[in-house]
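Hi there,

Here is the structure I promised to pass on to you. Have a look at it first, and then read my notes below.

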Amino acid sequence: MTSTIQTEPTTATAGQSAIALVKLTKRFSEDVLAVDDLSLEVEKGMVFGLLGPNGAGKTTALRMLLGLIHPTKGEAYLFGQRIYPGIPVLRRVGSLVEGPGFVPFLSGMDNLKTYWNTGGGRMEDANLGEALELAGLGTAINRKVRTYSKGMTQRLALAQVLLNKPELLVLDEPTIGLDPGEIRDVRDLIRRLAEHGATVLLSSHILVEVEQICTHAAIMNHGRLVATGTVDELIGSSRTVFLEVDDVGRAVKLLQSTTGVSQVEVEPLGISLTLNGIERKDIVTMLVKNGVGIETVASRHRLEDAFLGMVEELPHD
Amino acid sequence: MIRVELRKQTFRMRTYIALGLMVGIPILITLAVEFGRRPRDNKDLFALASHSGINVPLAALTAASSFLLVVVVALFAGGSVAEESGWGTLRYLLVRPISRSRLLASKLVVVCLLSLAATVLISLSGLIAGTIFFGWHPVLTPDGTVFSQGAALGRLAIATVYVAWCMSGVVALSFMISTITDTSMGAVAGAVGLTIISTILDAISSLGSVRGWLITHYWHAWEGMFANPSTTSDMVNGLLLQLPYVVAFLAFAWWWFHRRDILS
């Protein structure tokens with residue numbers, strides 16, 4: 001599997017980035033290793049997607065970042081400060097962890113106040129107007145949360161995230177359980193916040209979501225980092241093409257001597273190659289001209305590659 | 001932080017019902033004594049309740065403190081952390097810039113305030129209802145001693161605080177379980193279970209001096225203040241006995257909550 005190697009964060013470099021995870025590990029029990037030696041760095045201004053199937057360890061990693069879960073090994077840093085539960089730097093963070101959580105018998109407004117006052121914030125300092133406008137709940141904000149629909153609760157949760165005008169948003173599956181219209185709204189919102197300079201780390205198991213919103217991404221599986229890089233690197237210009245041909249040996253030889261083609265690999269069913277500055281149709285023309293019969297041409301995204309690779313049940317070593 | 005928690009826990013249906021019950025029980029006792037058949041030879045606190053308005057809160061305290069009050073304070077303490085887990089709000093409280101100790105402490109303070117309020121309401125409601133029905137007379141106690149209104153009122157106040165303090169062990173246990181489980185009912189069941197077991201063991205006289213260490217053993221020691229000669233040494237024992245329970249349960253609660261991974 002291909003992966004773009006970045007310089008691994010260390011304790012020394014952790015100071016400059018919004019988020020740094022250094023060899024972060026969480027073992028819940030003898031056979032449950034939720035996060036395994038995860039190192040990751042999110043620079044200020046990035047919109048970073050943490051992609052992985054359910055159970056990949058995304059949520060556990062985010063919870064360790066927020067001080068909710070104690071790492072077994074390794075460290076997590078926010079703005080250069082090593083995390084412990086309730087650390088003051090959390091003031092600069094807005095987070096959504098595994099769906100909304102509200103006191104059912106309090107109104108939406110009282111829930112926001114309760115959240116804000118925990119940690120001693122004065123209500124006047126809260127970004128209440130903007131948060132409420134965003135939630136768009138109207139007079140329902142004074143109704144008990146118990147009466148809210150799932151979408152309303154989620155919107156209230158996003159309003160809660162924005163209360164402190166966060167410099168960093170940590171969003172765990174922000175669009176889960178929403179209808180398509182609401183999903184679009186949430187994605188627009190995240191983009192808008194990013195344009196205003198906020199750093200975003202979001203986890204998702206939806207490929208398209210990460211493609212649409214994120215500038216950078218990392219892929220996790222079985223608690224480990226599988227690949228990381230810019231979304232463009234992972235899916236954009238360097239596309240992977242998959243070919244089924246009648247003469248594999250000849251095709252490989254021809255492809256390897258073509259400029260703009262790299263990483264020619266023979267797979268069980270065909271050949272995969274990466275295109276840089278050459279069009280797919282030119283490859284096809286070239287091969288056909290040289291007498292190679294082509295049965296299938298399919299484009300594959302690297303991200304998809306990586307993602308599909310993960311979803312296949314790999315043995316957990 | 002305490003204000004936020006107090007607001008959240010006080011103005012809710014469950015608290016209204018619990019505190020309403022505390023007000024209602026003494027009224028119920030008053031009505032039962034007023035309209036029931038007056039026994040002549042019975043000399044317990046209930047039978048004497050009609051002698052004076054101040055007799056009623058004494059009867060109510062005796063009646064409520066062995067079970068109902070336990071359930072109520074266990075409900076307050078047991079829900080405090082576990083309910084937040086259940087609502088999914090615990091993780092959002094803990095991603096705020098606030099230490100887990102402070103969160104626990106403010107929750108504990110609110111639990112204690114509500115528990116104290118519950119106990120005081122029993123006495124207050126009994127005093128008011130009793131005085132309305134039976135008048136403002138000197139108090140007659142089971143052994144025939146008579147206390148003036150002033151002396152009785154002072155002793156009632158001390159008895160109320162004493163009963164409230166006796167609940168501290170139960171509160172601490174419930175609170176501890178609340179930091180472990182995600183269901184507040186588990187915490188309530190734990191506290192009520194402990195009380196029942198302790199009461200049963202306390203009834204087995206062959207256990208001898210071991211019974212002096214049972215959490216419920218001195219719960220009714222305040223009644224000694226209304227005897228002749230009045231005794232308070234058991235009350236001192238009762239006050240001290242709660243301490244090891246409170247310290248042990250709370251220490252575990254703190255230790256556990258600090259090392260806990262918040263997965264709810």
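A:Thr59 sits in helix H1 of chain A (helices are DSSP runs of H or I with at least four residues, strands are runs of E with at least two, and both are numbered from the N terminus). With a relative accessibility of 21%, A:Thr59 counts as partly exposed; buried means under 20% relative accessible area, exposed means over 50%, and partly exposed lies in between, using a 1.4 Å probe and protein chains only. Setting aside neighbours within four places in sequence, A:Thr59 is in contact with A:Glu98 and A:Asp172, where contact means heavy atoms within 4.5 Å. A:Gly260 is 201 residues away from A:Thr59 in sequence, and their C-alpha atoms are 39 Å apart in space.

Before you go further, please keep in mind that this is a predicted model, where local features need pLDDT of at least 70 and side-chain atom pairs count only at pLDDT 80 or more, while totals for chains, interfaces and linings use all residues. Residues are numbered from 1 along each chain as its sequence is written, chains are lettered from A and ligands numbered from 1 in the order in which they are written, and side-chain values use heavy atoms, with hydrogens and water left out.

Now for chain A as a whole. Chain A has ten helices and 14 strands, and 54% of its 317 residues count as buried. Chain A is split into domain 1 (14-235) and domain 2 (240-300), with bounds that come from an automatic or database domain assignment. The C-alpha centres of these two domains of chain A are 42 Å apart.

Which strands make up the open sheet in chain A? There are four, in the order S2-S1-S4-S5, with antiparallel pairing (two strands pair if DSSP finds at least two bridges between them). Strand S2 (32-42) and strand S5 (81-82) of chain A are the edge strands, each pairing on one side only. Helix H1 (residues 58-65) of chain A packs on this sheet and touches strand S1 (19-29), S2 and S4 of chain A. The direction of H1 makes about 115° with that of S1(A); axes are lines fitted to C-alpha atoms, for helices over the stretch in contact, and angles run from 0 to 180 degrees between N-to-C directions.

Next, the aromatic rings. Rings of Phe, Tyr and Trp (its six-membered ring) pair if their centres lie within 6.5 Å; planes under 30 degrees apart count as stacked, over 60 as edge-to-face and the rest as tilted. By this rule there are nine aromatic pairs over all chains. One of them is B:Tyr245 with B:Phe249: the ring centres are 6.2 Å apart and the planes are at 35°, so the pair is tilted. These two residues are separated by about one helical turn, because they are four residues apart in helix H10 (residues 233-259) of chain B. B:Phe249 is buried, at 15% relative accessible area, while B:Tyr245 is partly exposed at 22%. For B:Phe252 and B:Trp256, the centres are 6.0 Å apart and the planes at 20°, so this pair is stacked.

Finally, where does A:Arg92 lie? A:Arg92 is over the face of A:Phe79, 3.9 Å from the ring centre (a charge sits over a ring if NZ of Lys or CZ of Arg is within 6 Å of the ring centre and within 35 degrees of the ring normal). The charged end of B:Arg96 sits over the ring of A:Tyr115, 4.6 Å from its centre.

Best wishes
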